[in-house]
Amino acid sequence: MNFLKPRRLSKGDTVAVLSPSWGGPSRFPHVFDMGLRNLEEVFGLTIKEYPTARMDADVTYKNPKLRAEDLNNAFADREVSGIITSLGGDDSVRILPYLDLDTILANPKILMGFSDTAVLNSYLCSRGLVTYNGPAVMAGFAQTRHLPAEFKRHVNDLLFEPSEIYMYAPYAQWANQYVDWDTPGYEGLRDMADNTEGWNWIQGSGVVQGTLFGGCIEVFEFMKGTAFWPGEGFFDGKILFFETSEDKPTVSNVKFMLRNYGSMGVLSKIRAILFGRARSYSDHEKVDLQNMIIQIVAGEFDLPDMPIVTNMDFGHTDPQFILPLGIQAEIDCAAKTFRLLESAVS
């Protein structure tokens, strides 16, 4: 598949913000406004809010077609250079029947978000558009000023000033403890810890290359068996990445989900698996998770040589990587490196 690569962002560009899933900005407008200010003041972007951006959460829930129309209109809008979702949720899958795929693919633009936005990212990628698993307005950008400087450089290097080769590296610090959004005087503060563990290379050898694809492992359960799930053959040659949500699925639940990919024949077609840092897991639970992954991939489906890396800097902890779906990447197990082999944007 030849993927459509959106144009890079430049200072002053207009980005659309909307709520394709839960209408979180209507409940926590101060957090949403903080994210918008950081996009404007830190990254130099101009914001264009679409109707669903601040729409009441109950209204957005009852009107998936309205949410889809916002996304269709944002792609069609010549003023808009990129689209960043306000937050995740749990029912973006309901807007997929109303998406105007012809309009979207005729106007390739950066679409970025994570968690429930994996529905949109994965569906549109499976139809040929490069999409971006990365920070949302309220979860990621709202906290920018309190994150390490590497986060701002990372966003710039991926979306504003891309290079043909991009080498990922663990952030020096990370956050797993969050201040409640309804805390009086909330300023996006969080407790940062030194990233002493880094990534865990739990299996595999050699160098593998493939096309990045993935998202929230729980969200993908909403899509399996629908017309919006990637077709047969799509997973050939992919580097598959998964992250777990703030709901903290048990190791057993993740086991059942991962086993299903083996049963569908997906594991035998992909080149490698990456797992993001598991939100709120204890050290013991992280070890159990890693052991389970090896049990499924190497034990149940006889793939002991497939590279698997866990505890990577993406998903529901911060700061997180931007992972472009549809872009070629490389994993070197001996050197313990992970890099993009082409620019993430044009």
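## Terms and model

Helices (H or I, at least four residues) and strands (E, at least two) are DSSP runs, numbered from the N terminus. This is a predicted model, in which local features need pLDDT of at least 70, side-chain atom pairs count only at pLDDT 80 or more, and totals for chains, interfaces and linings use all residues. Residues are numbered from 1 along each chain as its sequence is written, and side-chain values use heavy atoms, with hydrogens and water left out.

## The largest cavity

Rolling a probe the size of a water molecule over the atoms shows where empty space is left. Here a 1 Å grid is laid over the protein atoms alone; a cavity is a set of points where a 1.4 Å probe fits but cannot get out, whereas a pocket is an open set with protein on both sides within 12 Å along at least five of seven lines. Lining residues have an atom within 4 Å of a point. Grid points are joined across faces, edges and corners, and a volume is the space filled by probe spheres set on the points.

The model has 3 cavities of 30 Å³ or more. The largest cavity holds about 60 Å³. Its lining includes E197, N200, R277, K286 and T310. Helix α10 (283-300) and strand β13 (308-312) each supply at least two lining residues. The largest share, 3 residues, comes from α10. By class, the lining has 2 nonpolar, 5 polar and 3 charged residues. Ala, Val, Leu, Ile, Met, Phe, Trp, Tyr, Cys and Pro count as nonpolar, Asp, Glu, Lys and Arg as charged, and the others, Gly among them, as polar.

## The largest pocket

The largest pocket has a volume of about 650 Å³. It is lined by 31 residues. L87, W181, E246, R279 and H316 lie nearest its centre. The lining divides into 13 nonpolar, 9 polar and 9 charged residues.

Two strands pair if DSSP finds at least two bridges between them.

Strands β1 (residues 14-18) and β3 (residues 80-85) run parallel and share 5 bridges. V17 stands opposite I84 in β3. S86 lies in the loop between β3 and α5 (101-106). S86 is buried (under 20% relative accessible area; exposed is over 50%, partly exposed in between; 1.4 Å probe, protein chains only), because its relative accessibility is 0%. Its side chain makes a polar contact with the side chain of S19 at 2.8 Å. A polar contact is a pair of N or O atoms within 3.5 Å; within protein, one must be able to donate a hydrogen and the other to accept it, and residues adjacent in sequence count only if both atoms are side-chain atoms.

## The eight-stranded sheet

The other open sheet listed here has 8 strands in the order β6-β16-β15-β10-β11-β12-β13-β9, with mixed pairing. β6 and β9 (200-203) stand at the edges. Strands β11 (residues 238-243) and β12 (residues 272-276) run parallel, joined by 4 bridges. F241 has L274 in β12 as its bridge partner.

β16 (residues 337-340) pairs antiparallel with β15 (residues 328-332) over 4 bridges. I331 stands opposite F338. The two strands form a hairpin with 4 residues between them, and K336 in the turn has a positive phi of about 55°. F338 and L340 form the covered face of β16, T337 and R339 the uncovered one.
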